[in-house]
Amino acid sequence: MKVLVITGSPHKNGTTAALADEFIKGAKEAGHEVDRFDAAFKNIHPCIACEVCHTKNNGCAFKDDMSELNPLLIGADVIVFVTPIYYYDINAQLKAVIDRFYANDGALHKNKKMVYITAMADNTDNSAKGLIATFEGMAGFLEWEIAGSVVAVDCMDKAALEKTDYLKQAFDLGKSL
């Protein structure tokens, strides 16, 4: 199975990076082919709803690092979104990538699975309600199955994360695909 992991965090050694690493280890151990796209370190122009992608035959008006992501996105069987919670939802770096999915709408309405992984400082999952609603809505629209999630609460930093079983949860989720 082809798995695409899209991360949003600008922290290369942060909590969600660690969770992504563990998920990838589990998925590879299970024999899956895994690609990773770290959105925060890419040049991604935000969608401006210009409709060029739907009215011309040459894709999005912006020629940026989405050209690297698009073939992986379209070819993947499972899309994994990994993001910290920033003010009750996914972070801007990941959101910019997701907004640009619009140019590929037709190709994305396929039998795919989705996974989401997040970490936050708050000690309850109340702050994740916006993120969960976003991913549930997107999965419904694209007709994707949500194959699992990890919502890591009370994980302000990697030291806090390492005191929990969330890293094991991420590994196990990757292995279970």
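Reader: What makes Cys53 count as buried?
Author: Its relative accessibility is 17%. Buried means under 20% relative accessible area, exposed means over 50%, and partly exposed lies in between (1.4 Å probe, protein chains only). At 17%, Cys53 therefore counts as buried.

Reader: What kind of model is this, and how are its residues numbered?
Author: This is a predicted model, where local features need pLDDT of at least 70, side-chain atom pairs count only at pLDDT 80 or more, and totals for chains, interfaces and linings use all residues. Residues are numbered from 1 along each chain as its sequence is written, and side-chain values use heavy atoms, with hydrogens and water left out.

Reader: Is Cys50 called buried, partly exposed or exposed, and why?
Author: Cys50 has a relative accessible area of 39%, so it is called partly exposed.

Reader: How many disulfides does the rule give?
Author: The count is 0. A disulfide is a pair of cysteine sulfur atoms within 2.5 Å. For Cys50, the nearest cysteine sulfur belongs to Cys60 and is 6.2 Å away. Cys50 is therefore in no disulfide under that cut-off. For Cys53, the nearest cysteine sulfur is again that of Cys60, at 6.3 Å. Cys53 is in no disulfide either.

Reader: What makes a space a cavity and not a pocket?
Author: The test runs on a 1 Å grid over the protein atoms alone. A cavity is a set of points where a 1.4 Å probe fits but cannot get out. A pocket is an open set with protein on both sides within 12 Å along at least five of seven lines. Lining residues have an atom within 4 Å of a point.

Reader: How many cavities pass, and what volume does the largest have?
Author: There is 1 cavity of 30 Å³ or more. Grid points are joined across faces, edges and corners, and a volume is the space filled by probe spheres set on the points.

Reader: Which classes make up the lining of that cavity?
Author: It divides into 10 nonpolar, no polar and 3 charged residues. Ala, Val, Leu, Ile, Met, Phe, Trp, Tyr, Cys and Pro count as nonpolar, Asp, Glu, Lys and Arg as charged, and the others, Gly among them, as polar.

Reader: What about the largest pocket: what is its volume, and which residues lie closest to its centre?
Author: It holds about 190 Å³ of space. It is lined by 13 residues, and His11, Thr15, Pro84, Tyr86 and Met156 are closest to its centre. Its lining has 8 nonpolar, 5 polar and no charged residues.

Reader: What is the strand order of the open sheet?
Author: The order is β2-β1-β3-β4-β5, with parallel pairing of the 5 strands. Strands (E, at least two residues) and helices (H or I, at least four) are DSSP runs, numbered from the N terminus. Two strands pair if DSSP finds at least two bridges between them.

Reader: What makes β2 and β5 edge strands?
Author: β2 (33-38) and β5 (145-152) each pair on one side only.

Reader: How do you know that β1 pairs with β2?
Author: 6 bridges join β1 (residues 2-7) to β2, and the two run parallel. The definition asks for at least two, so they pair. Within β2, Glu33 is the bridge partner of Lys2, and Asp35 is that of Leu4.

Reader: Why is β1 called mostly covered?
Author: In β1, 5 of its 6 residues are buried. Lys2 is found in this strand, but at 40% relative accessibility Lys2 counts as partly exposed.

Reader: What stands out in the phi of Ala49?
Author: Phi of Ala49 is near 55°, a positive value in a residue other than glycine. Ala49 sits in the loop between β2 and α2 (52-55). Its relative accessibility is 56%, so it counts as exposed.

Reader: And what makes Glu51 partly exposed?
Author: Its relative accessible area is 29%, so the label is partly exposed. Glu51 is in the loop between β2 and α2. Its phi is near 70°, also positive in a residue other than glycine.
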